[in-house]
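Here is a short report on a few local features. Have the sequence and the model open as you read.

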Amino acid sequence: MSDESPRPVGVVVGGGLAGVTAALRLADAGLDVTLLEGRPRLGGLAFSFQRGDLTVDNGQHVYLRCCTGYRWFLDRIDAAHLAPLQDRLDVPVLDVGRAAGPRLGRIRRTALPVPLHLAGGLAAYPHLSLAEKAAVGRAALALGRLDPADPELDRIDFATWLRRHGQSERTVEALWDLVGVATLNATAPDASMALAATVFKTGLLSDPGAADIGWATVPLGDLHDTLARKALDTAGVRTELRAKVGSLTRTEDGRWSVESAGERITADTVVLAVPQTETHDLLPAGALDEPELLLDIACAPILNVHVIYDRTVLRRPFFAAIGSPVQWVFDRTHSSGLKGPGQYLAVSQSAAQAEIDLPVAELRSRYLPELERLLPAARGAGIRDFFVTRERTATFAPAPGVGRLRPGPRTRLPGLQLAGAWTDTGWPATMEGAVRSGAAAADAALHDLGRPPGHPLQEAA
C-alpha cells in the first residue's frame, strides 16, 4: 500500500486569464485541479471569433514590457514568440486637429537610464510647446515620488492632480490621456490618481524599457484558448466548458462543495475568478464583511470598429490620433487571416460610454470619414466589410474611490479565494492585472494548504 496522502483538490471557477493562471499555479504545486468555465471557450474578455473566413479579436489588446505577470503567462503557455515586444518604445501619434494640416510625432525612448530615457523623445515631440514639455518633465518627477498604494491618491482624480502640476488641456490630450485612456479605460477626470500613478510610474519611470509595447501576431484565441487549454491539459487540469457554477457551499468537514451542470465536486480550496456581480451571487454568507460593495464596482465599456478596405491604406502596424475622435488604429490584416487584396484595420475606442450603444450605421457614418481624414490613402478605397464589437463591461471603472471597493484574494472563509482584474491587484483592469490576481489567489490557497509556492528562480528549468 502507498503511504502517500491524497492530493488536495482545487476548483477554479472561471476560465479567463485570472482563472487559467490560478489553475496552472495550483496544478504546478501538485493539486488535483478542475477548472469550470460557463462559456464554450477560455480567455474571458480577451478572445477571438469567426466572421466568415476572418478570425476576429473582440478588441485590440496590448501589453508592456513591465507586465511581468502577463509575460510569465505567455511563457507558461509557450506563446511568448507569438506576442513579441517592440525592441524599443515607438508610438506614432498623428495630430489632425491643426489648422496648418496633419503632423506626425512619435513617443519614443532611448537606452539611457530613467528618467533620461524619455528626455530626447519628449524634446522632439512636436505636439507640445517648450513650456508644456518642461511642465511634463516636472510632473514626471513628481509622479516618481508618489506611492500608488497611498489611499489618499485613490480619493482624487487624475485630472485634478495634473492641474495641480501645471498640465495644460493640450498636454492632457496629447500625452497623458493618449496613454491613460488606453490603459485605464477612463479619461483623466474619471480616473483614480492611485491607478494612474501605477500606470505611469511603472510603465514610464521604473525601467528604460518598461513601456515597450507587445501585441499578439495571431488571434487572441490561439493564445488564451488553444494554447492555454494545451497548457492546462499538460499540467493535468480537468477543464470543463459550458459548465456554469450554480452553487458553492461548505461541507460538514469544512471543505467546499461546488455544483455545476449536475455535478458536485468536493474541494479543499476554491478560487472564484468570475466578474464581481457573479462573485457576489456565488459568495456564501460571511465570506466578506461587506459583500454588497462588490456591486458598487462599476463597469466601463470599450468599442472596436473594424474596417476592411480593398487596398492597403496604412503602412504602419498601429498609430494613435489626437485632434480626432479616433484613439488608436491597428493593422489586423495578417493576424486575422484576411485573404485576397486589402487591409483590415481595427479602431480601438476606450472609455466609450457615449458610443457603446450607437447603431452600426451611425458609427459607420462617423468613423469612415474620420479614417479618410487620418489616412489619405483610404479616400476612394472600397469597403469590403464594416462591423463593430462592443464590450459593455470590458473593465471595471477606475473611478476615484474604487480602491476601497476591491477585495484582496483572501476571504474570511478558509479555502475560498477571489481572483479577477477587478480585485485589489493595485493595477487597473488589464491582462496584467488579471494574471496577477490569479497568481495571488493561488498563492494564498497554497499557503493555507501548507504548500507555499517556490520562488520561480528555484524551480527546475
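Tyr70 and Phe73 both sit in helix α2 (residues 68-76). They are three residues apart, about one turn of the helix. Helices here are DSSP runs of H or I, at least four residues, and strands are runs of E, at least two, numbered from the N terminus. The model is predicted: local features need pLDDT of at least 70, side-chain atom pairs 80 or more, while totals for chains, interfaces and linings use all residues. Residues are numbered from 1 along each chain as its sequence is written, and side-chain values use heavy atoms, without hydrogens and water.

The structure holds ten aromatic pairs (ring centres within 6.5 Å, using the six-membered ring of Trp; planes under 30 degrees apart are stacked, over 60 edge-to-face, the rest tilted). The ring centres of Tyr63 and Tyr70 lie 5.1 Å apart with planes at 65°, so this pair is edge-to-face. Tyr70 and Phe73 are stacked, at 6.1 Å centre to centre and 15° between planes.

## Burial

Buried means under 20% relative accessible area, exposed over 50%, partly exposed in between (1.4 Å probe, protein chains only). Tyr63 is buried at 6%. Tyr70 is buried at 1%. Phe73 is buried at 0%.

## A ring cluster

Elsewhere, ring pairs link Trp215, Phe318, Trp328 and Phe330 into a cluster.

## A three-strand sheet

An open antiparallel sheet runs in the order β10-β11-β12. Strands pair if DSSP finds at least two bridges between them. β10 (245-250) and β12 (263-267) are the edges; each has a single partner strand, so one side of each lacks a neighbour in the sheet. β11 (residues 256-260) pairs with β12 over five bridges. Val258 stands opposite Ile265 in β12.
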